[in-house]
Amino acid sequence: MGGFSGGDWAVFVVSLMASLGIGIWAGWMGKRNTSGDAKAAASEFLMGGRKMNPFAVAMSTMIGAISSVTVVGNPAEMYAYGTQLWMNLIGTTIGMVYVHLVILTVMYPLKITSVYTYIEKRFDSKGLRSFTVFTTFIGTFFYLGLVSYSPSLAMETVTGFPAWASIIIMGIICTIYSSWGGVRAVVYTDILQTFVMFVGVIVITISATAEAGGLENVWSVADEHDRVEWWNLNPNPLQRHSLWTVTVQGYFFALLVFGMGQPQVQRICSVETWNKAIFAHYLNLIANITVFCCVNFMGIAVYAVYASCDPMATGEISKPDEIVPHYVIDRLSYLHGIPGLFIASLYAGGLSSYSSQINAVTAVMWEDFFKNSQWVANMADNRKPLVNVLVSVITGLAGILAGVVASQMGGLFQVGQTILGTIHAPLLGLFILGMCCPFANRIGGIVGFSVSLLFNLWVTIGAMFYGRPTPYLEFSDEGCNATTPFNFTTTTPFDWTTTEFTSSIDPETPGDDYVFPLYLVSYTLYSLFGVSVTFFVGTIVSLFTKPWTADRSGKIYVHPTFYKMMKKWEARHPREDPAASTKNLVSLEKF
């Protein structure tokens with residue numbers, strides 16, 4: 001079929017079967033540790049018995065946050081807009097330190113399975129927890145569709161194999177090993193998928209670098225064509241990228257994914273000791289930096305290959321996201337097995353993200369809804385573990401449905417995913433409010449989250465309808481004697497192969513009509529808006545609605561530093577006892 005040889009199919013199929021086999025083996029090994037104990041079986045399925053290997057957890061956490069979207073989308077960013085986004089790794093590093101010092105310091109000792117349990121305990125509100133779970137699950141449905149559809153679309157482009165059939169195959173494989181082995185199967189399968197993804201990216205990068213004339217020539221060509229930009233210090237928030245905005249983006253990426261993301265927090269909390277968990281956390285940071293540097297450079301190297309005869313300029317491709325698949329088929333298809341390895345690397349990212357979400361949904365459903373329910377209490381002990389298996393299967397099938405729907409709805413489906421992605425920043429603000437603001441009460445949490453959610457939706461939808469497109473950098477066809485010149489300098493407001501909302505205005509883009517400034521702000525600041533609104537509105541509302549004491553909020557649910565500060569303030573400003581106002585009154589009988 002298409003650009004696939006027999007060797008390509010062999011590499012691809014072996015990769016899938018190896019993932020399935022490792023997942024089943026890891027699940028079988030985990031089941032040997034439960035000895036028929038229902039409680040131990042649930043702990044093993046969801047948390048690996050809280051004795052997971054730190055190295056395995058670090059690799060799983062890393063690749064679980066990096067899907068096939070990253071393997072295609074980040075090189076496309078470098079190719080079309082230059083290297084400024086690369087500097088978001090500065091913000092990511094700072095964010096990971098914050099996650100360690102603040103969020104994990106609170107989360108890990110709680111030994112909770114679901115991050116949403118924290119919301120209920122801290123704000124004493126089952127309704128708030130249920131609302132956050134519900135909204136997040138809707139977003140998860142869209143995300144599952146995106147991560148299964150992206151590699152399947154690449155597969156269809158390269159081989160002609162129908163995307164819908166590819167989605168079903170991926171979904172079935174993930175569902176089998178995730179429902180059989182739980183988190184242990186997901187984590188150990190992720191190690192293989194990390195290896196496959198690394199090998200695919202490195203092979204393509206080395207090939208493109210050699211073809212472009214070596215490392216020095218790659219950077220020289222990229223710089224000559226304005227692809228190299230590191231220190232844009234312009235503070236204008238209306239430009240797409242600057243050092244300041246991408247640093248903010250990287251910082252909140254770390255907090256959103258590794259600080260409150262259910263799959264990642266669940267894995268870190270499955271490590272046996274605090275020191276091992278922090279080791280896994282920083283090993284994950286190193287792995288993330290390595291992967292992002294590799295995929296980013298891959299985009300620069302591929303650009304250098306086509307700099308003088310660009311497929312965007314000649315019309316061979318219609319959008320930057322197609323550049324890496326185009327390069328693989330155009331320049332590497334003669335090497336039997338390499339196209340198959342590339343598709344396998346995309347599937348590795350997709351499989352990991354897919355299975356991580358299955359396991360995360362199962363953990364949340366068990367911990368927040370089924371664990372203490374009357375339905376489960378009335379079940380025989382040997383049947384209780386089947387609840388998690390059933391939830392895993394249902395989630396996997398829902399992911400298949402989401403992928404098929406995504407393949408039919410295209411941009412409309414991704415619009416929904418983008419809108420629902422705005423939920424996560426307000427939710428992160430709710431976690432930070434609870435941990436860093438001891439006096440924040442239930443009303444403050446509910447109002448802060450709700451106002452922030454509405455604000456983010458307003459800005460996002462407004463930008464979709466009124467935002468202006470950001471021009472691509474120039475593509476050249478001077479070296480290929482194209483008979484028909486093309487000048488692609490604009491794009492649609494959204495880059496739909498990335499999970500981020502990427503519409504923003506170039507400050508120099510002309511426009512006749514007035515547009516509300518917030519609709520033109522760089523997408524990199526949306527997370528900052530969501531977190532800030534939740535925190536500040538929640539703080540103000542709490543102060544005006546009987547703020548809680550530190551003990552009322554709960555010592556274990558507030559960061560130790562802020563808890564101690566609140567206790568010192570309370571000692572200096574003791575609240576007046578309502579009954580004390582009557583202590584010095586003379587009794588009525590004496591008169």
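**A loop residue and its surroundings**

Reply: Lys546 sits in the loop that joins α21 (526-544) to α22 (550-553). The model is predicted. Lys546 is not a glycine, yet its phi is positive, about 55°. Most residues other than glycine have a negative phi. Lys546 counts as exposed because its relative accessible area is 74%, and the cut-off is over 50%.

Asp124 also calls for a look. It is not a glycine, and its phi is positive at about 50°. Asp124 lies in the loop between α6 and α7 (126-159). Asp124 is partly exposed, since its relative accessible area of 41% falls between the 20% and 50% limits. Asp124 also takes part in a salt-bridge network with Arg442 and Arg552.

α6 spans residues 115-123, and eight of its nine residues are buried. Among them are Val115, Tyr116, Ile119 and Phe123. Glu120 and Arg122 are buried in α6 too.

Now the whole fold. The protein has 23 helices and zero strands. Of its 591 residues, 59% are buried. Take the contacts with a separation of 6 or more: residues 24 or more positions apart account for 84% of them. The protein exposes about 24,400 Å², and carbon and sulfur atoms supply 65% of that area.

Lys555, Lys564, Lys568 and Arg572 form a positive one. Of these, Lys568 is found in helix α23 (residues 560-572). Lys568 is exposed, because its relative accessible area is 57% and the cut-off is over 50%. A patch of negative charge gathers Asp223, Glu224, Asp226, Glu474 and Glu478. Glu478 belongs to the loop between α20 (442-466) and α21. At 71% relative accessibility, Glu478 counts as exposed.

The nonpolar patch is made of Ile24, Trp25, Trp28, Ile172, Ile176 and Trp180, and together they have about 590 Å² of accessible area. Two elements each give two or more residues to this patch: α1 (6-31) and α8 (163-212). Trp180 is in α8. Its relative accessibility is 34%, so Trp180 counts as partly exposed.

Next, the charge pairs. Side chains of opposite charge can pair when their charged atoms come close. The count comes to nine salt bridges. In one of them, Arg240 meets Glu77 at 2.9 Å, N to O. This pair links distant parts of the chain, 163 residues apart: Arg240 is in the loop between α9 (215-224) and α10 (243-259), and Glu77 is in helix α4 (residues 68-81). Both Arg240 and Glu77 are buried.

Arg331 has a salt bridge with Glu211, and their closest N and O atoms are 2.0 Å apart. This pair also links distant parts of the chain: helix α14 (residues 323-332) holds Arg331, helix α8 holds Glu211, and 120 residues separate them. Arg331 is partly exposed, with a relative accessible area of 28%. Glu211 is partly exposed at 39%. Arg331 also forms a salt bridge with Asp330, with the closest N and O atoms 3.0 Å apart. Asp330 is partly exposed, with a relative accessible area of 38%.

Note on methods
Residues numbered from 1 in each chain as written. Predicted model: local features only at pLDDT ≥ 70, side-chain atom pairs only at ≥ 80, totals over all residues. Heavy atoms only, no water. Helix = DSSP H or I, 4+ residues; strand = E, 2+ residues; numbered from the N terminus. Buried < 20%, exposed > 50% of the residue type's maximum accessible area, 1.4 Å probe, protein only. Contact = heavy atoms within 4.5 Å. Areas by Shrake-Rupley, 256 points an atom, 1.4 Å probe, with all protein chains shown as cover. Patch = residues over 30% accessible without salt bridge, like charges linked within 9 Å, V, L, I, M, F, W, Y side chains within 5 Å. Salt bridge = Lys/Arg side-chain N within 4 Å of Asp/Glu carboxyl O. Lys, Arg positive; Asp, Glu negative; His and termini not counted. Charge placed at Lys NZ, Arg CZ, Asp CG, Glu CD.
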